[in-house]
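This report covers one protein chain. It begins with a strand pair and its sheet, then turns to helix packing and single residues.

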Amino acid sequence: MSEIELPKVYDHTDVERRWYDHWVDRGYFRPREDGAGPQFMTLIPPPNVTGTLHIGHAFNHTIQDVLTRWQRMTGVPTLWLPGTDHAGIATQNVVERRLASEGKTRHDLGREAFVAEVWKWKEHYHARITAQMKRIGDSVDWSRERFTMDEGLSRAVREVFVRLYKKGLVYRGNRIINWCPRCLTALSDEEVDHQETDGKLYYLMYPIKGTQRHVTVATTRPETMLGDVAVAVHPKDKRFAPLHGKTVILPFLRREIPIVLDETVDPKFGTGAVKVTPAHDPNDFELGKRHGLTPVTAMDPSAVMNENAGDFRGLSREEARAKIVDALQDRGLLARVEPHRHVVGHCQRCDSIIEPYLSLQWFVSMKPLAKPALEALQRGEITILPRRWEKVYMRWLEGIRDWCISRQLWWGHRIPVWTCDGCSETIVEVEAPTRCPKCGGASLKQDEDVLDTWFSSWLWPFSTLGWPENSRDLDRFYPSSVLITGPDIIFFWVARMVMAGYEFMGKGPFPVIYLHGIVRDGQGRKMSKSLGNSADPIEIMEKYGADSLRLTLLLLSPQGADIHFSEERVDLGRHFANKLWNAFRLVAPHLKGYVPDEQAARPYLTDADHWILSALSTAVRQTTRNLKAYRIGDAAKDIYDFTWRELCDWYLEMAKPRLYAGPDAPGADAVRFTVHRVFDTVLRLLHPFMPYLTEELWHALPATQGDVCVAEWPVPARGVHRDAEAKIELLKEIVGAVRNLRSEMNIPPARKAHVLIRAVGEEAEIIRGQRDAIALLGKAEPLEAGPGVKKPSVAASAVVRGHEVFLPLEGLIDVETERKRLEKELEKVMRDFDTSMRKLQNEDFLGKAKKDVVERERVRLESLGAIKEKLERNLEVLG
């Protein structure tokens, strides 16, 4: 390959602009067609077409891309399948808000025209999302891209609905559902955010018919009393034994309602008597069914009191609550009001308070579907990483409720159910019928509702591969290898996909589910637009580069742990990119035209060469092991540590004299071979993490073939050079001691210093053999080493494995000036130390301060103590 000249400064904009199209044009992201044996396949969690990708998407996509690129380099036919989700309620809300800004509603446009507007929105934002994915470096197969409402997936959705309906698992019924009065649609349990709220508990008094007595019930929602159809007490609660069989008069409406006995009533809540409102509470709905009570709905779909609310008709639920409480108080029917903290459901999309509402909806019976998904985990067919999430998954499946799948929206998959106007026959078919199969009538009306967004998403693992047809892709890539997603959609999506896989494919959709952490801001808060803390990945990549962002996110993320992210932290990745770039530019002039010849180089390899090659082999082994175990952050750290510390900080510093000596100097082949081998391996090892930078450097490295994107994944060399490792580790410890002494004694980094080492025992010969390297790295001139070395009268010293290291100070520093500097610094540290000590001995501080504040102070005292000891030791050295 021809070598390219590298500019002095790494310009990520120029580098990242060129390579993505190059990879796509060469078809690298499409799976090899000649691949026999194992395949690697993963599915992108389809982002919603409601806007742009956020930093959490960048994190998720980086993990997937690392695994995909790694597998591709191992030679496995690899498919990462992209796509987007129509996101029914979210997308419709966005478009409706845009219309509202123009003074219009969807009803002004009509269904067909409104849906056409949403399709325009989809196309616009789909293009933006695609551009973002390419900028991040996603190595997805664009030729297989899918959308949850494309023709193939729509067919799959209808097929599933019809199959479940005919199996008796899809049904229509009047049940209590989560209703959003702002979005005017039903919501599943998983689409409701439950928020702790400071509310009130109202004690309402209902007159007992034919007496002057009352029964008192407690409620957080007085406005729902207008839908009460009974009062319930526990049959064994002796307090209410005299009321068995009695009726009460519902205030305002004068409706007589019975007192019923039910064992689900908690005698300890409120007064022990509870109002029963089957149309506005899920528990009351079940209680009402047990006792044959007819529900009364007191509100309309907008949460406005309806015709059943008497004089309160036309009021919002909030207005009705206030007026009802006042009216009860006026009539002496309000016993008391207490503060009460409780959980209130909010719409996940618009944050409106959810109304439990009796409504005719379509449901999926989930328990039969959940059983195989639960057993799959118990049998070990599916593994969830980190393993702690397995209990969460199991608990949800064990307590699963039926899934409300109908939505009162226009954007989405229309429910494939028709009703005959002539005979009222219900027709459920995959394709739209033209005539009623019962009466032959042609006047058929399709159900107005659409399906829940997740009803298409739960089919993603096989619908994207061509199901219900028996396609080659389906046969080849189902089940996929791993699912990578966040834990926040384990119920929405993950568990449901497992259920669908077993129901329609007879096997799970993936053997491994890797749940990565959530990206939070520096304060630990979840990223959100409302908080203004949601970082834009495009802006960050423009400033720092995609590779820098990718590496930073991975380095900040132990397996499954949340990330505390801020833009400034991307310097972690940027500094590494610059470090590697500069290191490569250091060696590049010495590799021009070089053709590696291991046989010629081997006899001349030094201890440093053997050591770095051995360390490289360890890095390859550890990185590969961590990738296999889905410890992606640990794998990134393996490469980071080797490249920055071992290669740049140590080996290249040791190699400089031999590199600078020229290609004809003795041992030149050895150092050039080693440098080439290390950079060749590092670039391949690092490519899945930083694809753009590595591709650029790969093309500047002589004797490489093709693109690093499809280069062979490195394998560790057989064996390790233990002798060289031991020698260099000792050298590093001694050089580290010299550097620490220089730093403590305030000696300028560039100034040469006399160093003496009293080397003893078996390692004395090793130290003498590494004398030139120690002198070079420790800026030591002259350097004396041996068992007979004597300690100078004024010298800083350290001990390394029993070897004494001395740094003579006379003539190196102004001893008196340094003593005054240390004394002044010690005086300040002593003041801070005493202040901290007094604070921690103060009972008032310990009692009132937060635990983390006290702990920080303890850590501060410990740090000050260590600094104090060091300063005292250095003053003692000066005499």
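Strand E18 (residues 417-420) pairs with E20 in the antiparallel sense over three bridges. Two strands pair if DSSP finds at least two bridges between them. Helices (H or I, at least four residues) and strands (E, at least two) are DSSP runs, numbered from the N terminus. The model is predicted: local features need pLDDT of at least 70, side-chain atom pairs count only at pLDDT 80 or more, and totals for chains, interfaces and linings use all residues. Residues are numbered from 1 along each chain as its sequence is written, and side-chain values use heavy atoms, with hydrogens and water left out.

**The E18 sheet**

The open sheet has three strands in the order E19-E18-E20, and the pairing is antiparallel. Its edge strands are E19 (426-428) and E20 (444-446), each of which pairs on one side only. Neighbouring strands here are turned by 30° against each other on average, direction ignored. Axes are lines fitted to C-alpha atoms, for helices over the stretch in contact, and angles run from 0 to 180 degrees between N-to-C directions. Helix H6 (residues 151-166) lies across E18 and E19 and runs at about 125° to E19.

**The chain as a whole**

The protein chain has 28 helices and 29 strands. Its C-alpha atoms fill a box of roughly 110 × 75 × 55 Å, taken along the principal axes. Of the 879 residues, 55% count as buried. Buried means under 20% relative accessible area, exposed over 50%, and partly exposed in between (1.4 Å probe, protein chains only). Contact means heavy atoms within 4.5 Å. Among contacts between residues at least 6 apart in sequence, 78% join residues at least 24 apart.

**A covered strand**

Strand E12 (residues 273-276) has both faces covered. Ala273 and Lys275 on one side are buried, as are Val274 and Val276 on the other. E12 pairs with strand E9 (residues 230-233) in the antiparallel sense over four bridges. Valine 233 stands opposite alanine 273 in this pairing.

| Helix pair | Angle | Axis distance |
|---|---|---|
| H20 (residues 632-660) and H23 (residues 722-744) | about 95° | 13 Å apart |
| H1 (residues 12-25) and H22 (residues 691-698) | roughly 85° | within 9 Å |

H1 is roughly perpendicular to H22. H20 and H23 are also roughly perpendicular to each other. The classes are: under 35 degrees roughly parallel, over 145 roughly antiparallel, 65 to 115 roughly perpendicular, and the rest oblique.

Which residues of H20 and H23 meet? Glu646, Trp650 and Met654 in H20 meet Ile728, Leu731, Lys732, Val735 and Arg739 in H23. These residues divide into five nonpolar, no polar and three charged. Ala, Val, Leu, Ile, Met, Phe, Trp, Tyr, Cys and Pro count as nonpolar, Asp, Glu, Lys and Arg as charged, and the others, Gly among them, as polar.

On H1, the contact with H22 uses Val15, Glu16, Arg18, Trp19, Tyr20 and Trp23. H22 contributes Pro691, Tyr692, Leu693, Glu695 and Glu696. By class, this contact has seven nonpolar, no polar and four charged residues.

Glutamate 725 is found in helix H23. Is glutamate 725 buried or exposed? Glutamate 725 is buried, at a relative accessible area of 16%. A polar contact of 2.4 Å joins its side chain to that of serine 614. A polar contact is a pair of N or O atoms within 3.5 Å; within protein, one must be able to donate a hydrogen and the other to accept it, and residues adjacent in sequence count only if both atoms are side-chain atoms. Leaving aside neighbours within four places in sequence, glutamate 725 is in contact with Trp611, Ser614, Ala615 and Val720.

Threonine 68 sits in helix H2 (residues 55-73). Threonine 68 is buried, with a relative accessible area of 0%. Its side chain reaches the backbone oxygen of glutamine 64 at 2.8 Å.

**Backbone points to check**

Leucine 385 and proline 386 are joined by a cis peptide bond, with omega about -10°. The bond from glutamate 781 to proline 782 is cis too, with omega near 0°. Proline 782 is in strand E27 (residues 780-786).

Tyrosine 630 has phi near 60°, a positive value in a residue other than glycine. Tyrosine 630 lies in the loop between helix H19 (607-628) and H20, and counts as buried at 14% relative accessibility.
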